[in-house]
Amino acid sequence: MRPTMAGSSSTSHPPLLLPSFKLFLLFLFTSGLAQAQRSWCIAKPSSDVATLLENINYACSQVDCGMIQRGRPCFEPDTPISHASLAMNAYYQSKGRNPWNCDFKNSGLLVVSNPSYGSCAYA
């Protein structure tokens, strides 16, 4: 049996261990676990051309889309869905990979498989 001080309860509680441990777990989750799963934003295959072009224009007004210019590694295939996917992903990556940064009026799709191909590397 443990000796107790007068007026103290016989149950013991770790004074600061529990809150510190919770902070440690929160740090581990936000710094490692959450970023262990990479994600990319691509255009939904069902998106119409007008929406894809709108997405390209918006994303490229916010981020560098040089990778989809003629002569660059990601120009081919020269299709609206390919260029939109690259532009949308550049935007998504630059804004912190938040799900809402891949919405694009419900025409974006988050994927966990790297969509890079040939010499075209998705960031």
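I call two cysteine sulfur atoms within 2.5 Å a disulfide. This is a predicted model, so I take local features only at pLDDT of at least 70 and side-chain atom pairs only at pLDDT 80 or more, while totals for chains, interfaces and linings use all residues. Residues are numbered from 1 along each chain as its sequence is written, and side-chain values use heavy atoms, with hydrogens and water left out.

**Entry 1: disulfides.** I searched the whole structure and got three disulfides. For burial I use relative accessible area with a 1.4 Å probe and protein chains only: buried is under 20%, exposed over 50%, partly exposed in between. Cys60 comes out partly exposed at 26%, whereas Cys65 is buried at 7%.

Next I checked Cys41 and Cys102, joined at 2.1 Å S to S. Their link is right-handed, with 85° about the S-S bond. Cys41 sits in strand S1 and Cys102 in the loop between H3 and strand S2 (108-111), so this pair ties together parts 61 residues apart in sequence. Helices (H or I, at least four residues) and strands (E, at least two) are DSSP runs numbered from the N terminus.

Then came Cys74 and Cys120, at 2.0 Å S to S. This link is right-handed too, at 105°. Cys74 is in the loop between H2 and H3 and Cys120 in the segment after S2, so parts 46 residues apart in sequence are tied together. Cys74 is buried at 3%, and so is Cys120 at 1%. In sequence order, I noted the pairing as 1-5, 2-3, 4-6.

**Entry 2: helix H2.** Which residues of H2 are buried? I found Leu52, Asn55, Ile56 and Ala59. Down the axis of H2 they fall within an arc of 100°, so they line one face of the helix; the arc uses directions from the helix axis to the C-beta atoms. They pack against strand S1 (40-43) and H3, where contact means heavy atoms within 4.5 Å. Ala50 and Asn57 are exposed on the face turned away.

**Entry 3: His83.** I looked up His83 in helix H3 (residues 80-94) and found it buried at 9%. Not counting residues up to four places away in sequence, His83 touches Ile56, Ile68, Cys74, Phe75, Pro77 and Asp78.
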